[in-house]
Amino acid sequence: MKQTTTFHIGFLALCAALNVGIGAIVGMLKLPIYLDSTGTFLAAALGGWAYGAAAGIIAVLIAAVIIAPTAPAYSGTAIVIALVVSVFVRVKFLRSFPITIIGGITVGIAAAIVSAPVTTYLYGGVSLAGADAFTAFFKAMGNTLMESVILGGLATDPVDKLATALIAFMIIKAIPQRVFGRFRNGELFTQR
Amino acid sequence: MVVHPGTRLVIALSFVIVALSSSLQLQAVIISCGWLMALLQAGGNKQNQRRLFLRIWLIAGLFLSLIHMLSFQGGVHMEISGFRTAAAPFLRIGALMSACLWLVATIKPESLYAMLIDLNMPMPIIYLLYKVLYFIPRMAEKGLEILEAQQARGFALAGIKNRAKGLVLVLAPLMSSTIYELETSSAAIAARGLRSPMPKTHLTAISFSGLDVALLIVSLLIAIISIALRIFS
């Protein structure tokens with residue numbers, strides 16, 4: 001991050017709020033997706049993994065009091081998402097359409113695997129997301145709880161994170177060019 | 001009853017500790033009391049949140065039952081033995097939800113900021129929290145305004161492909177306009193000395209009273225005793 005300014009703090013807040021508040025917008029459009037990592041994707045892409053992780057962690061802390069008190073346990077998932085995004089952004093993630101698709105699916109797989117132990121051991125297999133129906137199905141088929149949670153996550157997270165990556169790709173295209181100059185990775189996006 | 005927000009945080013934390021360190025039956029009783037308290041407090045403008053939290057908890061219960069009781073081995077049936085396995089995380093989630101609902105219902109945001117200022121929390125962190133809580137409802141309002149404007153231009157909410165397109169039509173102008181607004185407000189707040197090391201003040205009066213001290217001692221004692229009973233029994 002270039003020297004942290006009040007704008008950077010505000011943008012971090014905007015990304016965290018986007019993670020929490022996008023649910024309302026998705027609800028208005030009646031879409032069957034969550035996109036609750038969009039802000040983490042944007043923050044990690046522009047400001048690096050620590051900035052992205054901060055956006056993700058703040059979002060889960062705020063989500064705890066507004067939407068789901070179980071969310072803070074998934075802080076590790078937010079950190080992993082930020083890490084994977086910040087690695088992929090070096091290879092044209094959120095700048096090239098095919099790489100964005102590959103990156104989105106990879107982030108989804110990573111998120112599903114990292115979330116699984118929390119969902120299994122802390123919340124008995126329930127994640128309060130669409131994966132729960134799949135988890136119940138795989139468990140009823142005779143798999144262990146951990147296997148069922150991982151399989152349930154792998155059935156839904158890559159699709160959700162792919163959609164998140166595509167939305168982040170579109171948002172980055174809409175952000176004014178001059179804003180990129182304020183961020184550490186900004187030059188990657190001004191060369192598009 | 002005017003109780004310091006810090007005391008309320010400690011009471012909520014102690015409640016979660018006591019609830020989670022009890023036996024399953026006792027947990028059910030304690031958490032039911034917690035929900036009752038939270039539901040009674042969360043009236044007025046918190047009714048939507050009350051409904052949301054209850055719905056989420058009940059959905060969690062439904063899925064926990066399905067995950068631990070449903071079986072396809074030898075035909076589709078429910079295994080009663082899975083009920084106890086499902087009950088423990090259901091109560092754990094219930095404890096967290098009732099504590100959070102109670103906190104949200106009883107702590108006003110301005111008291112929270114006042115407490116953080118009194119605790120000498122760095123101003124950028126307080127500003128960050130304030131901005132997140134400001135942006136969340138503002139984004140939903142702005143999103144609706146933009147959606148209505150796009151509909152006035154001929155955008156139709158029909159078919160999943162069109163609705164997905166609508167997401168970009170709403171989010172792109174929403175983000176660019178919010179960033180513009182953010183540039184102005186961050187410059188203004190920086191000019192007003194957000195990062196100046198001078199002590200900050202607040203208009204909301206909060207203070208620790210004798211009642212706070214008594215509540216803190218009682219709630220911490222109960223939490224410590226329940227942990228000790230859990231370890232040594």
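## A walk through chains A and B

Start by selecting A:Leu12: beyond its neighbours within four places in sequence, A:Leu12 is in contact with A:Ala43, A:Tyr51, A:Ala54, A:Ala55 and B:Leu128. Contact here means that the C-beta atoms of two residues, placed from the backbone, lie within 7 Å.

Before you go on, a word on the labels: residues count from 1 along each chain as its sequence is written, and chains are lettered from A, with ligands numbered from 1, in the order in which they are written. You're looking at a predicted model, where local features need pLDDT of at least 70 and side-chain atom pairs count only at pLDDT 80 or more, while totals for chains, interfaces and linings use all residues.

Next, colour the largest nonpolar core, which has 115 residues; those touching the most other members are A:Leu12, A:Ala16, A:Ala17, A:Ala63, A:Val85, A:Ala168 and B:Val132. Such a core is a set of buried Ala, Val, Leu, Ile, Met, Phe, Trp, Tyr and Cys residues joined through C-beta atoms within 7 Å. Buried means 20 or more other C-beta atoms within 10 Å of a residue's own, exposed means 12 or fewer, and partly exposed is in between. Helix H4 (residues 82-106) of chain B gives the most to this core, with 14 residues. (Helices are DSSP runs of H or I, at least four residues, and strands are E runs of at least two, numbered from the N terminus.) Domain 1 (5-108 + 206-232) and domain 2 (121-191) of chain B both give residues to the core, so it lies between them. Those bounds come from an automatic or database domain assignment. Taken over C-alpha atoms, the centres of the two domains are 34 Å apart.

Now show where the chains meet: 53 residues from chain B and 46 residues from chain A take part. On the side of chain B that touches chain A, H7(B) gives the most, with 18 residues. That side divides into 40 nonpolar, 10 polar and three charged residues. (Ala, Val, Leu, Ile, Met, Phe, Trp, Tyr, Cys and Pro count as nonpolar, Asp, Glu, Lys and Arg as charged, and the others, Gly among them, as polar.)

Stay on helix H7 of chain B and pick B:Lys165. Is B:Lys165 buried or partly exposed? With 14 C-beta neighbours inside 10 Å, B:Lys165 counts as partly exposed.
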